[in-house]
Amino acid sequence: MRIAEHEKRCKRELGKPFTKVHHFLDQFASKYCMSMAHRMILHHRLGVEVVGLEFGPDAKEAARLHIRDDLWGLLPTGPEWFLAQEVFLPKSGQESSMEADMLALLGYAPDFSRTWVTDWHAPMFKCSCGFKGPTLDGVGQCPWCAMPKTERFAMLLRNLQSP
């Protein structure tokens, strides 16, 4: 969906266009050659929390609308969901740059080198930390709980768990 369409939808649903939010969410589109992979960075619930930190709590609903419009009504928990969908995988050579972008904004990045469960019919893993999504093949553990927490990532997780 184009920025103008996101703005129009927000104006209709929320009373204002939230232009800066839409540009923020799509800031990596041109860097990653307009591929679907750019959505892995901020098009999820953690990204909504980042938008809330950057633009205030009112902007979070605009972010949710934007993401659902781009992802066929879905609002993934985090970037791991995208790693399980081939259409969203970054092009070869983009992984380290994408990892750096995620580290800067989210305080962590998923392991691009591992194989993620890709069966749409596989049961989704749910954890008390707020993670809901695919796991690494052969690993029955939450990927968020298994990794060391940066201060920013820990804060985003707390925000996800609060009402």
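Tutor: Let's begin with M147, which lies in the loop between α8 (143-146) and α9. Helices here (H or I, at least four residues) and strands (E, at least two) are DSSP runs, numbered from the N terminus. Keep in mind that this is a predicted model: local features need pLDDT of at least 70, side-chain atom pairs count only at pLDDT 80 or more, and totals for chains, interfaces and linings use all residues. Residues are numbered from 1 along each chain as its sequence is written, and side-chain values use heavy atoms, with hydrogens and water left out.

Student: Okay, is M147 buried or exposed?

Tutor: M147 is buried, because its relative accessible area is 18%. Buried means under 20% relative accessible area, exposed over 50%, and partly exposed in between (1.4 Å probe, protein chains only).

Student: Which residues does M147 touch?

Tutor: Leaving out residues up to four places away in sequence, M147 touches Y108 and F153. Contact means heavy atoms within 4.5 Å.

Student: How far apart are M147 and Y108?

Tutor: Along the sequence they are 39 residues apart, while in space their C-alpha atoms are 8.7 Å apart.

Student: New topic. How many salt bridges does the structure hold?

Tutor: It holds 6. A salt bridge is a side-chain nitrogen of Lys or Arg within 4 Å of a carboxyl oxygen of Asp or Glu. In general, side chains of opposite charge can pair when their charged atoms come close.

Student: Which residue does K31 pair with?

Tutor: K31 forms a salt bridge with D101, and the closest N and O atoms are 2.9 Å apart. K31 lies in the loop between α2 and α3 (39-42) and D101 in helix α7 (residues 95-106), so the pair ties together parts that are 70 residues apart in sequence. K31 is partly exposed at 42% relative accessible area, whereas D101 is buried at 11%.

Student: What about E49 and K60, what do their side chains do?

Tutor: They meet in a salt bridge, 3.1 Å from N to O. This pair links distant parts of the chain, with E49 in helix α4 (residues 45-55) and K60 in helix α5 (residues 59-70), 11 residues apart. E49 is buried, and so is K60.

Student: Which residues are linked in a network of salt bridges?

Tutor: R9, E13 and D69 are. Within that group, the side chains of E13 and R9 meet at 3.7 Å, N to O. E13 and R9 are 4 residues apart in helix α1 (residues 3-14), so about one helical turn separates them. E13 is partly exposed at 46%, and R9 is partly exposed at 22%.

Student: How many disulfides does the count give?

Tutor: The count comes to 0. The rule is a pair of cysteine sulfur atoms within 2.5 Å. As for cysteines, C10 is buried at 1% relative accessibility, and C33 is partly exposed at 48%.

Student: Zooming out, how many helices and strands are there?

Tutor: The chain comes to 9 helices and 2 strands. Of its 163 residues, 48% count as buried.

Student: And what is the mean pLDDT?

Tutor: It's 86, and 88% of the residues reach 70 or more. pLDDT is the predictor's confidence in each residue, from 0 to 100.
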